[in-house]
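Me: Hi! I have a protein on my screen and would like to talk it through with you. Could you take a look with me?

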Amino acid sequence: MTEEKVTTEEILEEEAEREEEPQEEKTEEPEELKEEKPEENREEDEALEAKYMRLMADFQNYKRRTEAEKSNVYAYANEQIVLRLLEVIDNFERALDHKDTAEKAFAEGMEMIFRQLLDVLKNSNVEEIEALGREFDPNFHNAVLMEDTDEYESNTVSAVLQKGYTLNGKVIRPSMVKVAN
């Protein structure tokens, strides 16, 4: 997300446009009050106006920055809970790998619960990182082993030891992988 900074020139242009808009007629000052301001007062006025414009630009930039931070907080508020749920998913997957030894009804029930849990995570914008057979990318993969294999090209993920996940496009857990030499 890029932040746009408001410059004092933009603020001055906005102020000039507002001054050009028709306004109520101003009453003329009496002749004795129309005296020229001394040069030092004009310089002081210009300095104060410049200071005001900088403060106004800083405040607008501050408002934009806090809005961006607030949206990030909302987007990633569930990150810690999702990380804990991923550990549960890992254990479910390990249990389902041994479903051949369990009763059929029990195994089907476990699969249903697992699918339901995955649906909840998917609806929360949690996505699995595809790794097997893909080129190794250190932004998404954590290489823990290297192996010599003819099945995969060099620098390609040959096995996934632990799945990785993203939350709203941000990597919250990289895939733990084995990479081909």
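**Salt bridges and the rest of the fold**

Reply: Happy to! Let's begin with Arg115 and Glu111: both are in helix α4 (residues 104-123), 4 residues apart, or about one turn of the helix. Helices here are DSSP runs of H or I with at least four residues, strands are runs of E with at least two, and both are numbered from the N terminus. This is a predicted model, where local features need pLDDT of at least 70, side-chain atom pairs count only at pLDDT 80 or more, and totals for chains, interfaces and linings use all residues. Residues are numbered from 1 along each chain as its sequence is written, and side-chain values use heavy atoms, with hydrogens and water left out.

Me: What do the side chains of Arg115 and Glu111 meet in?

Reply: A salt bridge, at 3.8 Å from N to O. The term stands for a side-chain nitrogen of Lys or Arg within 4 Å of a carboxyl oxygen of Asp or Glu.

Me: Is Arg115 buried, partly exposed or exposed, and what about Glu111?

Reply: Arg115 is partly exposed because its relative accessible area is 44%, and Glu111 is partly exposed too, at 22%. The cut-offs are under 20% for buried and over 50% for exposed, with partly exposed in between (1.4 Å probe, protein chains only).

Me: How many salt bridges are there in the whole structure?

Reply: A search of the whole structure gives 7. One of them joins Lys70 to Glu67, with the closest N and O atoms 3.6 Å apart. Lys70 and Glu67 are both in helix α2, 3 residues apart, about one turn of the helix. Lys70 counts as partly exposed because its relative accessibility is 41%, and Glu67 counts as partly exposed at 48%.

Me: OK, and which residue does Lys170 form a salt bridge with?

Reply: With Glu79, where the closest N and O atoms are 3.2 Å apart. Lys170 lies in strand β5 (residues 170-173) and Glu79 in helix α3 (residues 79-96), so this pair ties together parts that are 91 residues apart in sequence. Glu79 counts as buried, with 15% relative accessibility, whereas Lys170 is partly exposed at 34%.

Me: Which residues are linked in a network of salt bridges?

Reply: Glu93, Glu128 and Lys163.

Me: Let's zoom out. How many helices and strands does the protein have?

Reply: There are 4 helices and 6 strands. Along the sequence, the pattern reads α-α-α-α-β-β-β-β-β-β.

Me: And what share of the residues counts as buried?

Reply: 21% of the 181 residues. The protein exposes about 14300 Å², with carbon and sulfur atoms supplying 48% of that area. Accessible areas come from the Shrake-Rupley method with a 1.4 Å probe, and for residues only the protein chains shown count as cover.

Me: Can we look at Thr166 next? Where is Thr166 placed, and what is Thr166 in contact with?

Reply: Thr166 is in strand β4 (residues 164-167), and it counts as buried because its relative accessibility is 10%. Leaving aside neighbours within four places in sequence, Thr166 contacts Asn125, Val126, Glu127, Ile129, Val171 and Ile172.

Me: Nice. Is Ser158 buried or exposed?

Reply: Buried, with a relative accessible area of 9%. Ser158 is found in strand β3 (residues 157-162). Not counting residues up to four places away in sequence, Ser158 touches Leu132, Glu147, Tyr152, Lys178, Val179 and Ala180.

Me: Now the surface. Which residues make the nonpolar patch?

Reply: Val144, Leu145 and Leu161 make it, and it covers about 240 Å². Patches take residues with over 30% relative accessible area and no salt bridge, joining nonpolar side chains (Val, Leu, Ile, Met, Phe, Trp, Tyr) within 5 Å and like charges within 9 Å. Leu145 sits in strand β2 (residues 141-147) and is partly exposed, at 44%.

Me: And which residues gather in the patch of negative charge?

Reply: Glu40, Glu43, Glu44, Glu46 and Glu49. For charges, Lys and Arg count as positive and Asp and Glu as negative, while His and the chain ends are not counted. Each charge is placed at NZ of Lys, CZ of Arg, CG of Asp or CD of Glu. Glu46 lies in helix α2 (residues 39-75) and is exposed, with a relative accessible area of 54%.

Note on methods. Contact = heavy atoms within 4.5 Å.
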